[in-house]
Structures are given as structure tokens and as C-alpha cells.
Amino acid sequence: MKTGPSRASPFSAPRALLASLVLGGGLLLAGCAGNPPAAQMAVTQSAVNEAVSGGGNQFAPIETKSAQDKWTQAQAALSNEKYDEAKQLAEQAEWDARLATRKTQAAKAQAALQDAQNSIQQIREEGQINLQLQQNLQKKVQQ
């Protein structure tokens, strides 16, 4: 009986390589065979619709266009059963749409603030005019 170092079988390296290829291929196929991202697609469609209907094309045109383009790409990937790609594009489209919605809200708030400031200025000017009229009237009464 030999007590020296044991030698590996000449077939162990190819078997290990074959086993890793099979395992890697299985993982690759499992990753591609995912489920359609139905929930993400629904959320994204809602976000894109909200951005567009809220005025995103006017107040945040770049972000709205990006959201619409990515949404279209996500739908195409979904049709081609590229579910991971579809989900990723849908998530990007959702965030672009949400950014467009926030920028639109901010622009509308800024416009409302400007309108309020203009109204305040107009009231102040009218108040000044009324004050001058009252002062002129008092001067005429005193004369």
C-alpha cells in the first residue's frame, strides 16, 4: 500500500469543468426564464400617464420624453420576453416620469407664487392710489 500523496484522476478536471458549465448554464437559463414584471409595468404606465396628463410635456419635456421612450422600450422588451430588461427599463421610465411630475408640480407652484406676488403688488399699488386720493380729498376739504 502506498502512503504518498494521492493523485487526482485524469478525468477530474474535465468533470469539474463540465459540472461548472452545466451549473452556469442552468443559472443563466433560470435568470432568463423569469416572470413578466406585470406589477412594475402597471406602476410605470400609471406614472407615465400622470406625468403626461399633469403637463410634463410643457414643464418637464426632457424627463417626460425620456420616460415615454423608456416605457416604449420596456413594452418591446416585455413582448420579446426579455423580462429582466423590461423590468429595468420600466423602473427607469417610472423614475423619469416621477421626476417629470415633480418638476411640473414645482413649476406650477412657482407660477402660482408669482401670480400671488403680482396680486399682492397690485393690491399695494391700488392701496397707494387710494391713499393718495384720500390725502388729496382731505386737502381740498381743508381749503
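Guide: A crossing is left-handed if the near helix is turned anticlockwise from the far one by less than a right angle, and right-handed if clockwise. The crossing of α4 and α5 is left-handed. The model is predicted, with pLDDT of at least 70 needed for local features and 80 or more for side-chain atom pairs, while totals for chains, interfaces and linings use all residues. Numbering runs from 1 along each chain as its sequence is written, and side-chain values use heavy atoms, without hydrogens and water.

Visitor: Why is α4 called roughly antiparallel to α5?

Guide: α4 and α5 pack at about 160°, with 8 Å between their axes (lines fitted to C-alpha atoms, for helices over the stretch in contact; angles run from 0 to 180 degrees between N-to-C directions). Angles over 145 degrees count as roughly antiparallel and those under 35 as roughly parallel, so α4 is roughly antiparallel to α5.

Visitor: What makes up the contact of α4 with α5, by class?

Guide: The residues divide into 13 nonpolar, 4 polar and 5 charged. Nonpolar covers Ala, Val, Leu, Ile, Met, Phe, Trp, Tyr, Cys and Pro; charged covers Asp, Glu, Lys and Arg; the others, Gly among them, are polar. On the α4 side the residues include Lys 70, Trp 71 and Leu 78, and on the α5 side they include Tyr 83, Leu 89 and Lys 103.

Visitor: How do you know whether α2 and α5 are parallel or antiparallel?

Guide: The axes of α2 (residues 38-53) and α5 (residues 83-142) cross at roughly 30° and come within 8 Å. α2 and α5 are therefore roughly parallel to each other. α2 passes α5 in a left-handed crossing. Their contact holds 10 nonpolar, 3 polar and 5 charged residues.

Visitor: Is Glu 94 buried or exposed, and how do you know?

Guide: Glu 94 lies in α5. Its relative accessible area is 9%, and buried means under 20% (exposed is over 50%, partly exposed in between, with a 1.4 Å probe and protein chains only), so Glu 94 is buried.

Visitor: What is Glu 94 in contact with, its neighbours within four places in sequence left aside?

Guide: Glu 94 is in contact (heavy atoms within 4.5 Å) with Gln 40, Val 43, Thr 44 and Ala 47.

Technical notes: Helices (H or I, at least four residues) and strands (E, at least two) are DSSP runs, numbered from the N terminus. Angles under 35 degrees count as roughly parallel, over 145 as roughly antiparallel, 65 to 115 as roughly perpendicular and the rest as oblique.
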